[in-house]
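Here is a colleague's note to read alongside the model. Please keep the sequence and the picture in view as you go through the numbered points.

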Amino acid sequence: MDDVPLHAPDWFGDRGDIIGAYAVARLRSGAAMVEIMNRQQIEQVRAVSRAKGNGPWVAWWGEMARKTVLRRLAKRLPMSTDIEAEFER
């Protein structure tokens, strides 16, 4: 997906149930990389977690959802040229 989601959240009102999460990274070129996951996709990740029934998945579901989508996006981000040079060496 090339487009950054646009929405106008009500920051201080009742925001309702979480339906998904997304992460956006801006590259130096100005381009944006976006990862969007719906609740079902996040729950699939949770289902294979060792801590699926306790700990942060229970106490901090929203934070774990953010972490999940951010980690998925990070896998697609370009690496620093310094790191790439080390791998090649």
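1. By class, the residues that line the largest pocket comprise 10 nonpolar, 5 polar and 5 charged ones, where Ala, Val, Leu, Ile, Met, Phe, Trp, Tyr, Cys and Pro count as nonpolar, Asp, Glu, Lys and Arg as charged, and the others, Gly among them, as polar. This is a predicted model, in which local features need pLDDT of at least 70 and side-chain atom pairs count only at pLDDT 80 or more, while totals for chains, interfaces and linings use all residues. Residues are numbered from 1 along each chain as its sequence is written, and side-chain values use heavy atoms, with hydrogens and water left out.

2. The largest pocket has a volume of about 670 Å³, a volume being the space filled by probe spheres set on grid points that are joined across faces, edges and corners. On a 1 Å grid over the protein atoms alone, a pocket is an open set of points where a 1.4 Å probe fits, with protein on both sides within 12 Å along at least five of seven lines, and lining residues have an atom within 4 Å of a point. Of its 20 lining residues, Arg-15, Ile-18, Gly-20, Ala-21 and Tyr-22 are the closest to the centre. Strand 1, strand 2 and helix 3 each give two or more residues to this lining, and the largest share, 5 residues, comes from helix 3. Helices (H or I, at least four residues) and strands (E, at least two) are DSSP runs, numbered from the N terminus.

3. Strand 1 (residues 20-26) and strand 2 run antiparallel and are joined by 7 bridges, where pairing requires that DSSP finds at least two bridges. Tyr-22 stands opposite Ile-36 in strand 2, and in the hairpin, which has 5 residues between the strands, Gly-30 takes a positive phi near 100°.

4. Why is strand 2 described as largely enclosed by the rest of the structure? The reason is that 5 of the 7 residues of strand 2 (residues 32-38) are buried, that is, under 20% relative accessible area, with exposed meaning over 50% and partly exposed in between (1.4 Å probe, protein chains only).

5. The largest nonpolar core has 12 residues, among them Ala-21, Met-33, Trp-61 and Leu-73; such a core is a set of buried Ala, Val, Leu, Ile, Met, Phe, Trp, Tyr and Cys residues joined through side-chain atoms within 4.5 Å. Helix 3 (61-74), like strand 1 and strand 2, supplies at least two residues of this core, and helix 3 gives the most, with 5 residues.
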